[in-house]
Amino acid sequence: SFFLVLFYNNWDSNSGSMNTVLTNRLGDFFLFVFFSFSYFLNFNFFCYMFFLSGPLLFLILTAFTKSAQFPFSGWLPKAMSAPTPVSSLVHSSTLVTAGLLLLFNFSFMLMNYKIMMLLFFIGLLTTFFSSLTAVVEEDVKKVVALSTLSQMGFSMLTLGLGYYMFSLVHLLSHALFKS
């Protein structure tokens, strides 16, 4: 992804590639901390009570950075400075789905009211701000990225409401039609 965004080698692609790689490495760090907590503290990986505390926060932060949710959503429009067909497929259909699929796989641990409300409001903020930004954006490729952000926010919103299968179907249909 880094070299794909860096393809044109101008200021926009250089800053976009660095922003993309640093944000995704932050998500990798959160995922590493999540797995380290589960290993080093000698807890069962699927122990429900353990994940209601700290390590579940790192799983959620991993999903937020990987799926470009509200606090970490700046990297996706900047990553669209790559060549058009490849960037729309890779950045808008495959990379951003990783965080949501991670939450979908661990959805049995997200049955806490506070966690569900957090997912709901982050999805709502992502959908709202990406839609608002897309209205004033002039670059068509960034509008494509912002529409993807809006759809990923909607999938996160439906995860927060507890409609896991609807979120997965929406995620898969968005990726299919985007590609």
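**Loops and packed helices of the model**

N9, at 57% relative accessibility, counts as exposed; the term exposed means over 50% relative accessible area, buried means under 20%, and partly exposed lies in between (1.4 Å probe, protein chains only). The model is predicted, so local features need pLDDT of at least 70 and side-chain atom pairs count only at pLDDT 80 or more, while totals for chains, interfaces and linings use all residues. Residues are numbered from 1 along each chain as its sequence is written, and side-chain values use heavy atoms, with hydrogens and water left out.

N9 lies in the loop between α1 (2-5) and α2 (11-40). Helices here are DSSP runs (H or I, at least four residues), as are strands (E, at least two), numbered from the N terminus. Most residues other than glycine have a negative phi. N9 is not a glycine, yet its phi is positive, at about 55°. A68 also has a positive phi of about 55° without being a glycine. The loop that holds A68 is the one between α3 and α4, and A68 is buried, with a relative accessible area of 0%.

The loop between α3 (54-66) and α4 (75-78) also contains Q69. Q69 counts as buried because its relative accessibility is 0%. Beyond its neighbours within four places in sequence, Q69 is in contact (heavy atoms within 4.5 Å) with F64, I122, G123, T126, M152, G153 and M156.

M152 and M156 also take part in the meeting of two helices. Helix α6 (residues 97-105) and helix α8 (residues 140-161) pack at an angle of about 10°, with their axes 10 Å apart. Each axis is a line fitted to C-alpha atoms, for helices over the stretch in contact, and the angle runs from 0 to 180 degrees between N-to-C directions. Angles under 35 degrees count as roughly parallel, over 145 as roughly antiparallel, 65 to 115 as roughly perpendicular and the rest as oblique; α6 and α8 are therefore roughly parallel to each other. On the α6 side, T97, L100 and L103 meet M152, S155, M156 and L159 of α8.

L100, a residue of helix α6, counts as buried at 1% relative accessibility. Setting aside neighbours within four places in sequence, L100 is in contact with S67, M152, S155, M156, L159 and L171. The C-alpha atoms of L100 and S155 are separated by 7.7 Å, although these residues are 55 residues apart along the chain.
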